[in-house]
Amino acid sequence: VPPLGLARYRALFATPHVRRLVLSGMLARLPAGMIGLALLLLVRENGGSYAAAGAVSGGYFVATAVGAPIAGRLVDRRGQARILLSRAAIFPTLLAGVCALALLDAPLVLTGAAAAAAGALMPPVGASLRALWPRLFADAERRAAAYALEASLQEITFIVGPLLVALLTAAASPVLALGAAAVAGGIGTLLIALAEPVRAWQPEQERHAASILGALESRGVLTLVGLSACLGLGFGGTEVGFPAFAEPHGGAELGSIPLSLFAAGSLVGGLVAGARVRMPPLRQLRVSAALLTAGLAMPLLGWSLPSMSVLAFLAGLAIAPVVMSAYGLVDAVAARGTAAEAFSWITTAVFAGFSAGMALGGTLIDAYGDKSSFVLGTAAAGLGAVLVAVGPGLEEA
């Protein structure tokens, strides 16, 4: 009988090396929730405008989105340990360079270039671990729990990371926060790279990554990348709507409350789905995508900050289940030897969609009011649900 509930997670962590990989992965990915805010505060502390601070932070995220598929392809072709070991040294060194440039009052363009270089060379920790799970877990139940944990731990990163930046900046300066992110990313990546399953991971002998399209040769991967772009667009539109809604209800800064509960809902939904759900990944993806569309419409019903906070939590419940089921399909639909790159394309698509959603949502709010950005979020999620219902390549899983 396949394990259910907490027994499924106990079975997951009973697998050798999994506890180390999960905990090290949390540490290695902590910079993802820290660096954007730290860069923003760093530029502002040095007298830069909000426009300049946003440009530096935005440049970092754009470089991260561009560099992710390249890193994933390198992992597929050269092996996980080799790429992770090199990035474990390069990434913190570049962040240390950003800190040094800030302390030396270097021209902003140099600081921005160093930050972008760090983003482009961020260690592909998430893609590597997701490509590793199918080799560690033969049964579908533990693989589902592993992907659920992946989707849920991402939310912890984006809850804890900004809080750490705020605390370290208040205690010293944004330079300390950026330095802490560098140390966490370097140590976490090194611990993963030295783990036995990672060192033993070898590229597929039969692989199809030689073409220029790589993972994008697969129709199923293209469908999942399209879904990811829709999800990012929906999340961006939804998240910019919370501060806009909170502004007339006590102040835009109070938008952090529904934002945090939005992430908390995803965390809870992912852990529950990983423990209880027994549907095949494709069916779960379609059901979860439909539920997410309904969930992202819930903020349209908010009338006060407390009500919006509750609705935000409910809206987030289906996020991680959608992500975990998409992860579960990648290894099945990707051409052999392209799994890490396929996972990286999903990350890139989410980043791109999120950036577009934030920008478009802000424009809609200025023109039509705060609820319009929630309409955008709902429409984007609905488009993603339609895509996974009729899009090509997924039935091959």
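At what angle do the axes of helix H3 and helix H9 cross? The axes cross at roughly 150 degrees. This and the other views below are taken from a predicted model.

**View 1. Packing of helix H3 against helix H9.** Helix H3 (residues 35-45) and helix H9 (residues 174-193) have axes that come within 8 Å. The crossing angle is over 145 degrees, so H3 and H9 are roughly antiparallel to each other. The crossing in which H3 passes H9 is left-handed. On the H3 side, the contact is made by Ile35, Ala38, Leu39, Leu41, Leu42 and Glu45. H9 contributes Pro174, Val175, Ala177, Leu178 and Ala181. Sorted by class, the residues in this contact are ten nonpolar, no polar and one charged.

**View 2. The aromatic pair of Tyr60 and Phe61.** The structure holds nine aromatic pairs, and one of them is shown here. The ring centres of Tyr60 and Phe61 are 5.3 Å apart. With 70 degrees between the planes, the pair is edge-to-face. Tyr60 counts as buried, because its relative accessibility is 1%. Phe61, in contrast, has a relative accessible area of 27% and is therefore partly exposed.

**View 3. The aromatic pair of Tyr147 and Tyr327.** The centres of the two rings lie 6.1 Å apart. Their planes meet at 55 degrees, so the pair is tilted. Tyr147 belongs to helix H8 (residues 140-171) and Tyr327 to helix H15 (residues 319-333). The pair thus links distant parts of the chain, the two residues being 180 residues apart. Tyr147 is buried, at a relative accessible area of 4%. Tyr327 is also buried, with a relative accessible area of 4%.

**View 4. An aromatic cluster of phenylalanines.** One cluster is formed by Phe235, Phe242, Phe262 and Phe374.

View 5. The relative accessible area of Ser266 is 0%, so Ser266 is buried. Apart from neighbours within four places in sequence, the residues in contact with Ser266 are Ser152, Glu155, Gly316, Leu317, Ile319 and Ala320.

Key. Residues numbered from 1 in each chain as written. Predicted model: local features only at pLDDT ≥ 70, side-chain atom pairs only at ≥ 80, totals over all residues. Heavy atoms only, no water. Axes fitted to C-alpha atoms, helices over the stretch in contact; angles between N-to-C directions. Helix = DSSP H or I, 4+ residues; strand = E, 2+ residues; numbered from the N terminus. Parallel < 35°, antiparallel > 145°, perpendicular 65-115°, else oblique. Left-handed = near helix turned anticlockwise from the far one by under 90°. Contact = heavy atoms within 4.5 Å. Nonpolar A, V, L, I, M, F, W, Y, C, P; charged D, E, K, R; others polar. Phe/Tyr/Trp six-rings, centres within 6.5 Å; stacked < 30°, edge-to-face > 60°. Buried < 20%, exposed > 50% of the residue type's maximum accessible area, 1.4 Å probe, protein only.
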